Amino acid sequence: MTLSIAFPNTPEDVIARYAQANLISGALQPAQESLDVLNPATGALLGKAAASGADETNFAIENASKAQADWAKVPARERGKRVAAGARAIAQNAELIAQVLARETGKAIRTECRGEVAVAAEILEFYGNLGSELKGQTIPYNPRMLTMTTLEPLGVVAAILPWNVPLVLGALKIGPALVAGNSVVLKASEEAPFATFLFAEILMEHLPAGVLNVINGDGARCGTALTHHPKIAKITFTGSEAVGQKIYEVAASKIIPASLELGGKSPMIICEDADLEKTVAGAISGMRFTRQGQSCTAASRIYVHESLMGAFMDKIGVALNKLKIGDPLDEATDVGTIINAKQKAVVDRFVDLAKNTDGAEIKTYGTLPSDPALAPELFMLPTLLLGLPEDHPCVTQEIFGPVAVVQSWSDYEDVIARANATHYGLAASVWTRNLSTALDSTSRLNAGYVQVNQNLTIQPNVSYGGFGRSGLGKEASLEAMVEHFTRSKTIVMNFD
Ligand code: NAD
């Protein structure tokens, strides 16, 4: 399908289209200032995005607020149909969106970006079909009285995105928010905004103007103006623990709900009876090595039963050595780059800490690219850290890079305790063929998303969200839409 919005069909022209602009009330609105977005694989300037301050942010919120009243009156099924139509248009233009995403995130087009657009469209389509499920209840009270609950939209939702998987995380927020009758002001990640703008503008074509608005800017000015605005009725945020805490404080001061999807340090427990081939493949996909480990759900603490340690290390070494690290736009590439120099420095610091630890072993795999067209700084080899004490920062803190800790275990009670010895609680996985071990461990692991014999990513109909400092609330699923994007009103009618 050709896009009916009049913009050119190359990634470069798409990026130029959103130069220093926001998308407010269905139109491009120039911002007063801009910020640079770099291509992490080459170090070159990719484009200039809007650096919105309070003026632009307030303008977006006022427009969203005006549009929301009429949007709420559109029957829920009709709202859903429009979102589903937008999802199909996104799927039809997936390649262009993926090409933009690969340029701004450094993620490989084949292993990451195409899949991300497809999953994001699937999430929107899933929510588009759920309009008719926004049901209340009737409550038995008295034969001549009608007591019922109805689900209402909240108003204007502020949705704030990180850079690592902006489209999937954006779809998980705007899909349910819109179908439930809210309007949305979506703040793109300033590190990787352009694919988010394109994705949203294609969806906007199927929505009344102002129902979905996209702004870009940094957290300090744009993010703060957004969360503090009195017309924001709900904040849905995915990002770091530190910013999540700040946002929760703002929400508390205004007494509005906030959903927070924050960091993780997810354990993967490999039992003696596990299928080793599947486990090795699961460790590589679970650690998201093809996304340079930049995943909140990354299986970044791998606990291997001591009887399998040698075989596991041999097999994972062979598999990791086969991953091709290089140009994100090359179809042969499996692994691209870290997002930016700041994040690379964070990851390097963790590896240096491991290097300076007695008894630690640092293993790296594969080959760095030698293509002179690429800037070498942000490429990094998949890395496994062994022999670290359990209280080492590399074991306890989120690294958010291609670095996993591998520890051996022998006592089941001990490994469950080690897996739970974290303030995070996002995800966990257990690898065993024993049903009793699976049942026991899944009930005892302190994480919101626990899998057995797999490390799959988000599914639209399966609720996902962390315990502890990994966050508050769920995303994906019907329950998440009802719980986090509607309010329940109780109505009691008396005809006695
Ligand atoms: P970040 O917290 O630095 O930024 C996230 C977003 O918040 C950005 O859009 C940023 O501009 C904005 N922001 C920053 N300060 C703000 C403020 N004071 N008020 C409002 N908005 C503000 O995170 P990041 O570096 O973009 O992403 C990486 C982090 O995200 C990691 O910690 C990772 O674990 C987490 N993450 C979590 C999930 C999940 O589902 N749990 C998914 C992806 C990423």
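Which pocket is the space taken by the ligand? In this predicted model, where local features need pLDDT of at least 70, side-chain atom pairs count only at pLDDT 80 or more, while totals for chains, interfaces and linings use all residues. Residues are numbered from 1 along each chain as its sequence is written, and side-chain values use heavy atoms, with hydrogens and water left out.

View 1. The ligand takes up the space of the largest pocket, a pocket being an open set of points on a 1 Å grid over the protein atoms alone, with protein on both sides within 12 Å along at least five of seven lines.

**View 2. The shell around the ligand.** The ligand is surrounded by 28 residues (a heavy atom within 4 Å), and the closest are L161, E190, S240, L262 and E398. Helix α8 (219-228) is one of the elements giving two or more residues to this shell, and with three residues α8 gives the most. Because domain 1 (11-262) and domain 2 (267-460) both give residues to the shell, the ligand lies between them; these bounds come from an automatic or database domain assignment.

View 3. A polar backbone atom of L161 is 2.7 Å from an oxygen atom of the ligand. For S240, a side-chain N or O atom is 2.6 Å from a ligand oxygen atom.

Key: Polar contact = N/O pair within 3.5 Å; in protein donor to acceptor, adjacent residues only side chain to side chain. 1 Å grid on protein atoms, 1.4 Å probe; cavity = no way out; pocket = protein on both sides within 12 Å on 5 of 7 lines; lining within 4 Å. Sits in = over half its atoms within 2 Å of the grid points. Helix = DSSP H or I, 4+ residues; strand = E, 2+ residues; numbered from the N terminus.
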